[in-house]
Structures are given as C-alpha cells and as structure tokens.
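Here are a few notes to read alongside the coordinates. Have the viewer open as you go through the points.

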Amino acid sequence: MTKTEPPPSFVVRKSRWESTAGLLYVGLVVFGLMILLTIGCVVVALARNEPVREPLETVWLSLGGMPLIFAVGLPVLLGVGWVTTAESRHEADSEEILLAIDSEGVYLGGDQPQKLPWEQVHGICRVERREVHGDEDESWSSYLIVQKVPDAELPKLSKNWGPSCDWPGSLLTKTLSFEELEGAVRRYAPHVAVNDRGRVPD
C-alpha cells in the first residue's frame, strides 16, 4: 500500500523583480546604460572635433545634477545590494512569501509575518479599508484577515479581528483572486469559512 503524498502548499510569492536580487539587476542595467551614454557622448564629441565637456555637462548636470548624484551613489547601493543578495541565498526564502496555506495552517508575510495553526483560525476574509489622503482624496485598499475569534464575537473594528496583511498582488506580482483563496482553504481546512466582507467602517 503506497503512502499518499500531501498536496503541495498554496504559496503566493513576490515577483522576483520585487526582491533584493531583482532590484540589484535593475540597478546594474541602469548603471550600464549610464556608462554607455557617457562613452557615446565622448565618442560623438571627438568625432566632431568638439570639446567633450559640453555634452557631458548637458547629460550629467541636467535636472539640478541629479544624474551625476545618482551615478556617484549607485555603486554604493549596488555594493550593499550585492552583499544582501549573497547573504539571502543562505537563508530561507520566507521573506519572499506573501501568503502560504498548507495542512498545518496559514502563513501571512509582510512586515510582521505570522504562522497560525488551523485550530486558532475561525475564518478568513477579505475586507476593504478606507484610506484618506488629504482633505477630500480617499481610496479603498484590500486586506486579507485571518480571524482569531468566531463571527458572533467579532469586534467592531476589523483591525481587531486577527492578523492581517495587504491583499497579495501588485503591478509586478500576480493578484490573488478570491476564488483561488477559497479553493486553497477548502483543500486544507474545509471547516474554515472564507468570506468577502467588502468595505468595513474602519
């Protein structure tokens, strides 16, 4: 009789371009383009038998000298990023995980990552909270909440329902659909309710 393998964990990760390594590669590309631009300006000026100083000043001292400041500081940032990336290769990739659901429980990533076993989970829900920017400018942001109390005992403010994190997804990371969340929870903990509660007062 063969042993049944447990289903693989449901995991939502950051895009690799949002990781330290991804930012490092982007920085290297930008730095390389800046070097090529400099060489190009020098070659063109020499071919025309013109002073090299004028095109270089036009490129590097434009916008108040921001390109020059960026070029001076970029190697330092690249060095720090390189060291950070090298160290992260020897560590667990938990920092890249936004959400994980498996037979043991739910893992929420973010600034304060948490792992909650199923016996502590009374429900999982999606909510939208209002964020005010200025006097009249406002927006609604989505969050995923792991409820640590039953529905009948939910406090008025959703921030007190249990641990929460930003709803996984961004311009670079594939946005988690509500149906995907339902399916993942049903696979590992069919007794846990999953709700889309929409906009909440807080």
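**Notes on the buried parts**

1. Let's start with a cysteine: C165 has a relative accessibility of 9%, so it counts as buried. Bear in mind that this is a predicted model. C125 is buried too, because its relative accessibility is 0%. As for disulfides, the count is zero.

2. Next, the largest nonpolar core, which has 24 residues. Those touching the most other members are L99, I101, W118, I124, L144 and L181. At least two core residues come from each of β1 (10-13), β2 (97-101), β3 (105-108), β6 (137-147) and α4 (178-188). The largest share belongs to α4, with five residues.

3. Have a look around W118. Beyond its neighbours within four places in sequence, W118 contacts I101, D102, S103, E104, G105, V106 and I124, and also V185, Y188, A189 and V192.

4. Now for α4 itself. Which residues of α4 are buried? They are F178, L181, A184, V185 and Y188. These residues sit on the same side of α4, because they cover an arc of only 130 degrees around the axis.

5. What covers that buried side? The cover over the buried residues of α4 includes β1, β2, β5 (123-133), β6 and β8 (194-199). On the face of α4 turned away from the buried side, you'll find E179 and R186, both exposed.

Definitions and conventions
Residues numbered from 1 in each chain as written. Predicted model: local features only at pLDDT ≥ 70, side-chain atom pairs only at ≥ 80, totals over all residues. Heavy atoms only, no water. Core = buried A, V, L, I, M, F, W, Y, C linked by side-chain atoms within 4.5 Å. Buried < 20%, exposed > 50% of the residue type's maximum accessible area, 1.4 Å probe, protein only. Helix = DSSP H or I, 4+ residues; strand = E, 2+ residues; numbered from the N terminus. Contact = heavy atoms within 4.5 Å. Disulfide = S-S within 2.5 Å. Arc of directions from axis to C-beta.
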